[in-house]
Amino acid sequence: MDRRAFLRILGLFPIAYHWLLRDLAAAGQPVVAVAEGANHAQTTRNAIAALGGIGRFVKPGATVVVKPNMGWDRSAEQGANTHPEVVRAVVEECLKAGAKKVKVFDRTCNDERRCYVNSGIEPALKGLKNVEVKHLESERFRKVALNGKVIKEWELYGEALSADVYINVPVAKHHGLAKLTLGLKNVMGIMGGNRGSIHKNIDVALADINAVFRPHLTIIDATRILTAHGPQGGDLKDVKVLNKVIASTDIVAADAYATTLFGLKPEDIAVTVAAHRRGIGEMDLKKVRIVKV
Amino acid sequence: MKKITSARISQLLFLALFVVMFLQTEYRGSDRLGVAVNAFFRANPLTAASTLLAAKGWVPLLLPGVLVLVLSAFLGRFFCGWLCPLGTVLDLVTGRIRKTSPVRWLKGSVKYWLLLPLLVASLFNLNLAGLLDPIAILVRALTFFFHPLLGETVRTGWVGLYHLIGDRRDLLDPGYRVVRDYLLPFRETLYPLAFLSALVFTAIVWLERFETRNWCRNLCPLGTLLGLVSRLSTFSRVPARLCADCQECARLCPTSFDREILQQEECILCMECQLHCPNGRVSFRLAGARSAAGGPVMERRVFIGGLVGGFFLARLFRFRDPSAQARLLRPPGVRSEEEFLKKCVRCGECMKVCLRSALYPSFSQAGIEGLYTPLLIPRLGYCEYNCTLCGQVCPTGAIPSLPREEKKRQVIGKAVFDKNHCLPFAKRIDCIVCEEHCPIPQKAIRSELAMLTGFDGRQTQVKLPYVVDDLCNGCGICENVCPLEGKAGIEVFAVKDRTPLKAADERTAPLEADPYR
């Protein structure tokens, strides 16, 4: 395919899917877009286009938060953080849709300077106008009433709360306790305080937060997945290249689909099950419309 | 300030260089530091001399310091008058401090009482030079007190502004970022010994009220060492005495003309006398062999006393509280405590540069002999797996500078679970935050599934963590992130055998059944 044909098809995606998918979504059936391709940026754009394009979420003048997982001092190919090309593609889409400002941040586990740089995300976004890549500032956390089953209130990051659009961009990977960490668990990156303490009830606690704080769009990076020794890995033998990007407005459905990439069933993941029970989204993939592009 | 002279220009340049290098001793996005303030220590003859005496062998890193020492044998104490940043600071403030009269008892051989025991202690394997080294004193005062104070003040203002105007503060953000990125310490860290570090520095400034450069001429062990060497110098002022008809030099000279004859040992070559001599008589030149280098060196009893003092210093301050030793964690790559004490000059740079603010100056944990040496306190900060900065800035190689792959395998200690505190054992509930954070690719902390009867009577499946000793490098992140309040459920303990972990390809068989494969 030459570039022109490529672009033409690309341009047709939003038009083709716009009415079709919106109608379907309106009918109540969650949609999960699964794009595949070796070019991560293009695959990401295809996944977004399959949902009806970023314009569905990002209106001109909007302030957008793109929240990748960049919690670890690991390189892009080690699969512990969201791939920088995926993040950049999402950010560029938002800018194209007329976003006034796109903010990219995460509460890191390792040193924030090293994580931002070595994940490749800060360098990948360097030079983009109206894009902010800042470390978290503790004064911006705000107490939010969650009234959940195990968490009554917690500090969440102000810039995430005040954004017009919040796009959740996790990487799919193994996790010692939760088995997998996907979209639902990525919310931990905007939590303040002693967030390790929710581990004792992690499935219910994450449902508590996700029930109140709802991302507008979840884009799961499965360009390569970490299959063992997560969540930070470090050994390339544990990394499997899949060249896939999953997008959905239904965070539970997105997680449920991503789970299958590891050879697991959605019901194997307690976090997914708890969120589904709470009515946050659909985990039964038979009830989900999967659009492969 | 007096008229601008070349000595003054050189002083200001080196002070500026010192400040820039100090601020650059910080991670700024690159794994290798281009410049760091350690250059001043490597060019420091006192740290060089004491470290070489202690190590009893050649340390290539210290070549610049040895060169300065050799050069001083020809030129005199040019280091003090042209380079030393502490000396420059004193010159800058001394004009504002009204002078009383010199303190008599400082004039004698106090400086030898300081220098000799330091050097002799080195001979007995205890490197104490950094305690009184002027550059170390300055770096420690900045690192532990003034720089954190600046950071804390600016940041408090910045946070206060947020509470005042909220997100509108973002307008000022670009400006603040420049200040934060180039002038402030990255983390707000409070250090033990901050007060003492500031006190020593302030005391040195306070001494200026008695006479100019009081510390430099009467106490500084670095200056004293250079003074001893400069007795050999052939480059000196002519005439060597005050002229009977003028005596202006006694007023001009900041250091050495408090007696009739120029004290060659104390002349810092500022050349004020040459510049301002009303009669144009003064010059500095290579005078060839000189007689009377300016009074006797030191009495024999001072010499012998100094030797004995050093011996006592090295031997009698070795007491250590054993319970503190269990948690005495040294920076990565330090294999033996004895070797470390020979080389560590207590300059504070590793603590300045540490990414996670994991290193702190020891107060009593390592005994009196270990004052100001760096300790890792995991509950406050952990050793970042991919970081090699402390080894890079260590001026003497007490912390070896290792390539990243090698540094990762260095053993700081070993983690041990405390089952009375650790949640899965003590409360029979899941946690595993330590395992999640363990940076070893094969995981030094693993867990096994167990069916337990919870305290509510119900059967529950709990992940019970354990440590694989052969993989643990003691980085301390597990203890750091343990979500328990106060005491952690896992703690890193010091070990004698700090043989580096085996590289992944050196391991023949899997260490233990890996539950993830």
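## Two helices that cross in chain A

The axes of helix 8 and helix 9 of chain A come within 10 Å and cross at roughly 150°. Any angle over 145 degrees counts as roughly antiparallel. Helix 8 of chain A and helix 9 of chain A are therefore roughly antiparallel to each other. The crossing of helix 8 of chain A past helix 9 of chain A is left-handed. This is a predicted model.

Which residues make the contact? Helix 8 of chain A supplies Val252(A), Asp255(A), Ala256(A) and Thr259(A). Helix 9 of chain A supplies Thr272(A), Ala275(A) and His276(A). By class, the residues of this contact are three nonpolar, three polar and one charged. An α-helix has 3.6 residues a turn, so residues three or four places apart point the same way.

Now turn to helix 7 of chain A, which spans residues 202–212. Eight of its eleven residues are buried, so helix 7 of chain A is largely enclosed by the rest of the structure. Find them in the model: Ile202(A), Asp203(A), Ala205(A), Leu206(A), Ala207(A), Asp208(A), Ile209(A) and Asn210(A).

What do these buried residues pack against? Their partners in chain A are strand 6 (153–157), helix 8 (251–260) and helix 9 (270–277). Helix 8 and helix 9 of chain A are the pair that cross at roughly 150°.

## A covered strand with two partners

Strand 8 of chain A covers residues 171–175. It is mostly covered, with five of its five residues buried. Strand 8 of chain A pairs with strand 10 (residues 217–226) of chain A in the parallel sense, over two bridges. One place to look is Val171(A), whose bridge partner in strand 10 of chain A is Asp221(A).

Strand 8 of chain A also pairs with strand 9 (residues 179–181) of chain A. These two run antiparallel and are joined by three bridges. They form a hairpin, with three residues between the strands. Here His174(A) has Leu180(A) of strand 9 of chain A as its bridge partner.

## One loop, two backbone features

Follow chain A into the loop between strand 10 and strand 11 (239–248), where Pro231(A) has its place. A cis peptide bond joins Gly230(A) to Pro231(A), with omega about 0°.

His229(A) lies in the loop between strand 10 and strand 11 of chain A as well. It has a positive phi of about 60°, although it is not a glycine. Is His229(A) buried or exposed? The cut-off for buried is 20 or more other C-beta atoms within 10 Å. His229(A) has 25 other C-beta atoms within 10 Å, so it is buried.

## Chain B as a whole

Chain B has 24 helices and eight strands. Its C-alpha atoms fill a box of roughly 100 × 60 × 40 Å along the principal axes. Of the 517 residues in chain B, 44% are buried. Take the contacts in chain B with a separation of 6 or more: 76% of them link residues 24 or more positions apart.

## Details in chain B

Strand 6 (residues 445–453) and strand 7 (residues 459–467) of chain B run antiparallel, joined by nine bridges. Leu449(B) has Lys463(B) in strand 7 of chain B as its bridge partner. The two strands form a hairpin with five residues between them. Gly457(B), in the turn, has a positive phi of about 90°.

Chain B has a cis peptide bond from Val238(B) to Pro239(B), with omega near -5°. Pro239(B) is in the loop between strand 1 (235–238) and helix 14 (248–252) of chain B. Arg428(B) has a positive phi of about 60° and is not a glycine. Arg428(B) is in the loop between helix 22 (423–426) and helix 23 of chain B. It has 17 other C-beta atoms within 10 Å, so Arg428(B) is partly exposed.

## Where the chains touch

How many residues of chain B are in contact with chain A? There are 28, and they meet 22 residues of chain A. Helix 9 (134–165) and helix 23 (433–437) of chain B each give two or more residues to this side. Helix 23 of chain B gives the largest share, four residues. By class, the side of chain B that touches chain A has 15 nonpolar, five polar and eight charged residues.

Definitions and conventions: Residues numbered from 1 in each chain as written. Chains lettered and ligands numbered in written order. Predicted model: local features only at pLDDT ≥ 70, side-chain atom pairs only at ≥ 80, totals over all residues. Contact = placed C-beta atoms within 7 Å. Nonpolar A, V, L, I, M, F, W, Y, C, P; charged D, E, K, R; others polar. Buried ≥ 20, exposed ≤ 12 C-beta atoms within 10 Å, placed from the backbone. Pairing = 2+ DSSP bridges. Axes fitted to C-alpha atoms, helices over the stretch in contact; angles between N-to-C directions. Parallel < 35°, antiparallel > 145°, perpendicular 65-115°, else oblique. Left-handed = near helix turned anticlockwise from the far one by under 90°.
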